Amino acid sequence: MTAGTTCRTTAAKSAKSRIVAVGAIAVAGSLLLTGCGDQRDNKKGDGGKKVVDAPLSDMLPTNVRNKGVIKVGSDIAYPPVEFKDKNGDTVGIDPDIAEAMGKQLGVEFEFDNGTFDTLLGGLRSKRYDIAMSAMTDTKNRQEGIDEETGKKVGKGVDFVDYFTAGVSIYTKKGEDQGIKTWSDLCGKKIVVQRGTVSHDMAKAESKKCKGGKKISIESFDNDQQAQTRLRSGGADAGSSDFPVAAYAVKTSGGGKDFQLVGDQVEAAPYGIAISKENTKLRDAIKAALDAIIANGQYEKIIKEWGVEAGAVKEAKVNGGK
């Protein structure tokens with residue numbers, strides 16, 4: 001997701017070049033509907049006991065290792081990254097990666113649902129141990145800078161980067177109204193998820209519009225609400241991270257509701273956000289991600305969801321620009 005000091009991707013100010021293929025997402029459609037992985041909401045650790053075969057358990061902070069649980073703040077309404085399946089279970093790319101890392105660390109990753117623009121606040125207040133929600137790693141987030149005002153609003157966070165994605169625009173199918181680029185949105189209305197990179201990009205582009213033709217922006221708590229608004233004819237276009245937009249195009253109304261327009265832009269890394277004060281947990285998660293990349297589990301998960309083009313070859317800390 002993209003959030004501006006929020007993007008599910010506040011990727012907007014970084015030049016990154018990975019492109020997730022539409023064809024790959026299309027392949028993912030059927031898999032997404034069945035729900036890859038076996039992550040469940042509110043999983044508890046094994047009585048707080050250390051898992052014997054977890055090779056990286058000793059890297060964890062003692063309190064986390066003893067609890068057997070890492071509390072994850074996530075906006076669980078962002079398919080295919082994280083969402084509820086028909087049984088109400090949390091599934092998606094993030095839960096599957098978290099589960100694989102949990103086996104390396106000997107803990108369960110417990111996903112706690114929240115709106116995207118509140119996740120970093122929840123991390124600061126220690127409601128969560130980490131935030132994992134298609135969140136773009138950006139310098140502003142690392143430094144605690146509000147994207148819109150440029151003012152410092154907190155200590156910032158560290159990121160462990162695990163995927164790459166850009167931002168896309170979509171419209172109702174057959175009604176693109178000539179929209180191909182962000183500048184084409186001047187004088188039109190766009191729907192976005194609040195606090196995402198898409199939201200930031202819309203606000204930034206609106207300031208460039210000439211002749212008083214600003215972009216009308218309507219923001220929502222989650223991307224699915226924005227899609228509902230566009231579907232009903234309440235806007236001209238919507239925007240979200242490419243994997244999410246492509247998934248909506250593939251699945252909404254059996255593929256009859258939406259279409260992608262223009263090219264994906266501002267590709268940037270998704271990062272797992274962790275308090276700057278919790279360097280031991282950060283390093284343990286980085287090691288766990290590197291381990292599942294090395295043993296092939298990461299590649300298997302990415303392929304199951306059909307998003308191979310967004311895969312990374314190694315975990316990086318604070319790789320966002």
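**Exercise 1.** Which residues do ring pairs link into a cluster?

*Solution.* Keep in mind that this is a predicted model. Looking at the rings, you'll find that Phe 83, Tyr 247 and Trp 305 are joined into a cluster by ring pairs. If you search the whole structure, five aromatic pairs turn up.

**Exercise 2.** Work out how Tyr 162 and Tyr 270 are arranged, and where they sit in the chain.

*Solution.* Start with the distance: the ring centres are 6.3 Å apart, and rings pair if their centres lie within 6.5 Å. Next, take the angle. The planes are 50° apart, and that falls between the 30 degrees limit for stacked and the 60 for edge-to-face, so the pair counts as tilted. Now place the residues: Tyr 162 belongs to strand β8 (residues 157–172), while Tyr 270 belongs to strand β12 (residues 258–275).

**Exercise 3.** Classify the pair made by Tyr 170 and Phe 258, and say what it ties together.

*Solution.* Here the centres are 5.3 Å apart and the planes make an angle of 65°. Over 60 degrees counts as edge-to-face, and that's the label this pair gets. Tyr 170 lies in strand β8 and Phe 258 in strand β12, so parts 88 residues apart in sequence are tied together.

**Exercise 4.** Are Tyr 162, Tyr 270, Tyr 170 and Phe 258 buried or exposed?

*Solution.* The cut-off for buried is under 20% relative accessible area. Tyr 162 has 0%, so it's buried. Tyr 270, at 1%, is buried too. Tyr 170 comes out at 0% and counts as buried, and Phe 258 is buried at 1%.

Conventions:
Residues numbered from 1 in each chain as written. Predicted model: local features only at pLDDT ≥ 70, side-chain atom pairs only at ≥ 80, totals over all residues. Heavy atoms only, no water. Phe/Tyr/Trp six-rings, centres within 6.5 Å; stacked < 30°, edge-to-face > 60°. Helix = DSSP H or I, 4+ residues; strand = E, 2+ residues; numbered from the N terminus. Buried < 20%, exposed > 50% of the residue type's maximum accessible area, 1.4 Å probe, protein only.
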